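Biologist: I would like to learn how to read a model like this one, step by step. Could you walk me through it?

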Amino acid sequence: MSAIEIKNLTYTYSKKTPFEQTALKDVSFVVEEGETFGIIGETGSGKSTLIQHLNGLIRMKDGEGTVLGKDIKDKKNLKQLRFDVGMVFQYPEYQLFADTVEQDVAFGPKNMGLQKVEIDRRVRKAIELVGLNYDRFAQRSPFELSGGEKRRVAIAGVIAMEPKILVLDEPTAGLDPQGREDILALIRKLKEEVCPTIIIVTHNMDEIAKEADHIIALFKGEIVYNGTPLEVFSHEDFKEKTRLEFPTATYIANEIRKQGVDIKQVVTSEELVSELARIKEGKNV
Amino acid sequence: MFKDISFGQYYPSNSFVHKLDARTKLLLTIVFIVALFFIPSNVSNRIEQAWYGYFGYMMTFAVLLTIIILARVPIASILKSIKGVLLIIVIMAVINLFVSNQGEVLWAWRRLHITDAAIHTTIKLILRLVMLIIGASILPLTTTPVALSDGLESLLKPLKVIRVPVHDMAMILSIALRFIPTLFEETQKIIATQKARGASFDTGNIFKRAKALIPILIPLFVSSFRRADELAFAMDSRCYNATSKRTKYRVSKMGWRDALAFIFMNAYLVAVLMDRYYWVFEMDRIIFGGWLGK
């Protein structure tokens, strides 16, 4: 069974007013279970609107959709949908509000109506999972933590609900290189240990090329490409059609190819390195 | 998200009223309110007729109609401003209806009674309040918030002599107005994040609902302070200084339209005053006397 199936989703803001604006147009895609799914597109291409449909924050009007086999449009599924699809928004540290880290992480599980023992177990597990020491952090105020730590606490707040699908909107935005690498490592760890199906929304092509199994590229509310990173970034008109950049490795490989060197299509730096090594060895022989 | 939120009440148009200087509109709004309160609403000692004053309201209605037509704002947006205070008007009208002792008692039950004079004063009270709100709503409908705070600053300038920080106050007002849409958007984002964590804001009793707002208000406060900090930095780094004499990018000038508006509104004020003090109730009698009074 697919984790998410969306068919012919169209969404218009402020319908029937002078401010009417189509945010999504006939969007269809499938996310398989256990997949890391990338959604890319320039600012205003409809990424945020799209993901908010997945947990019912925006109610679907035109189109069909199921999440884990449940109908998105059915109002009865709404509450369960919120807990099944954990959503980490952009700059999630701005959602923190409680006196202590522990209380903040417990907010989601409490809303689920769980028993105290179960809440405590989940909170402890989530805080440890995101790489914070429970005994050291649980009773501190979330507002006195560093930026990276705050983001971890916010992610823990979503993880504690034990979602089956995790959606992350620009998870590395505004972090320094080390912080970005740490968050990506955390996402890989979460994927392995608690939530295998992950959706990442991003502007950063290098990251998504490395992490994603499957990508859709949006432009002005429409899907322009749908495929593996290699397929999507192999399109020569990718830049024009999406107004995005190629991943650095793809860009370098394209430039080398222009010099007349026979180099295979690559999307990550690791692939580029091994491709260059192959060419070098070929020359040496 | 929520791109359709119209900020404030401003209704964009290019009408005569829109083109008036903000100061003109501010002053004339005051003129209008003053005039409105000079229209007699109670049975006075001099004039016993309860219908005394209706002519004033007729004039006011004509003036309002002229302004609305000139402003080219939809009637619906004006009626919306009445909707907000409808309950207050109804409560005041009901109280007024029962407390008046003058006139002939038409209906009585235990200690409650309604007199014919009470009915007239109540009608006049409703007319006055509704017209007051319609008149006052023209200003925000036809003036951008920025122009409004600029106009206010300009009008209050004389207070600088007695060391009222007029410029600072206008700056605070402009900044507050500028950040309403920003904070609104921020609020929507925070609501979305907390909803994604299963928060619900429309269930439970009033205390539960109030408590459900904490996860929204605290992040909102935190981010407001952060924004205030950043803005202060940005202003400082551009050497903003409220004490030195500042020039304006947009210098507002009064023109022939403003002169016309002043003449029109002051003529209305004079007519209302004449109606009250000199014509006594001639017009009221001519128009209403035949079928309303003795």
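**Reading the two chains**

Modeller: Let us begin with chain A, whose secondary structure comes to 12 helices and 10 strands. Its radius of gyration is 21 Å, close to the 19 Å that the globule rule gives for 285 residues, so chain A is as compact as a globular protein of that length. Keep in mind that this is a predicted model.

Biologist: What does the C-alpha trace of chain A span along its principal axes?

Modeller: About 65 × 50 × 35 Å.

Biologist: And how much of chain A counts as buried?

Modeller: Here we use a cut-off: a residue is buried when its relative accessible area is under 20%. By that test, 52% of the 285 residues of chain A are buried. For chain B, buried residues make up 36% of 294.

Biologist: Which elements does chain B have, and in what order do they run?

Modeller: Chain B has 12 helices and two strands. Starting at the N terminus, the order is α-α-α-α-α-β-β-α-α-α-α-α-α-α.

Biologist: How should I read the contacts by sequence separation?

Modeller: Take the contacts between residues at least 6 apart in sequence, then ask what share joins residues at least 24 apart; in chain B that share is 76%. In chain A, residues 24 or more positions apart account for 61% of the contacts with a separation of 6 or more.

Biologist: What about the accessible surface of each chain?

Modeller: For chain A the accessible surface is about 13400 Å², with 49% belonging to carbon and sulfur atoms. Chain B has about 18100 Å², and carbon and sulfur atoms hold 68% of that.

Biologist: How many charged side chains does chain A have?

Modeller: There are 40 positive and 46 negative side chains in chain A, and the centres of the two sets lie 4 Å apart.

Biologist: Now a single helix, please. Which residues of helix 11 of chain A are buried?

Modeller: First the general idea: an α-helix has 3.6 residues a turn, so residues three or four places apart point the same way. In helix 11 of chain A, residues 248–258, the buried ones are Ala249(A), Thr250(A), Ala253(A) and Asn254(A). Seen down the helix axis, these buried residues fall within an arc of 135 degrees, so they line one face of helix 11. Just after this helix, Gly260(A) takes a positive phi of about 95 degrees.

Biologist: Is Glu231(A) buried, partly exposed or exposed?

Modeller: Glu231(A), in helix 9 (residues 229–234) of chain A, has a relative accessible area of 46%, so it is partly exposed. Glu231(A) and Ala209(A) are 22 residues apart in sequence, and their C-alpha atoms are 11 Å apart in space.

Definitions and conventions:
Residues numbered from 1 in each chain as written. Chains lettered and ligands numbered in written order. Predicted model: local features only at pLDDT ≥ 70, side-chain atom pairs only at ≥ 80, totals over all residues. Heavy atoms only, no water. Helix = DSSP H or I, 4+ residues; strand = E, 2+ residues; numbered from the N terminus. Rg over C-alpha atoms; globule rule 2.2 N^0.38 Å. Buried < 20%, exposed > 50% of the residue type's maximum accessible area, 1.4 Å probe, protein only. Contact = heavy atoms within 4.5 Å. Areas by Shrake-Rupley, 256 points an atom, 1.4 Å probe, with all protein chains shown as cover. Lys, Arg positive; Asp, Glu negative; His and termini not counted. Charge placed at Lys NZ, Arg CZ, Asp CG, Glu CD. Arc of directions from axis to C-beta.
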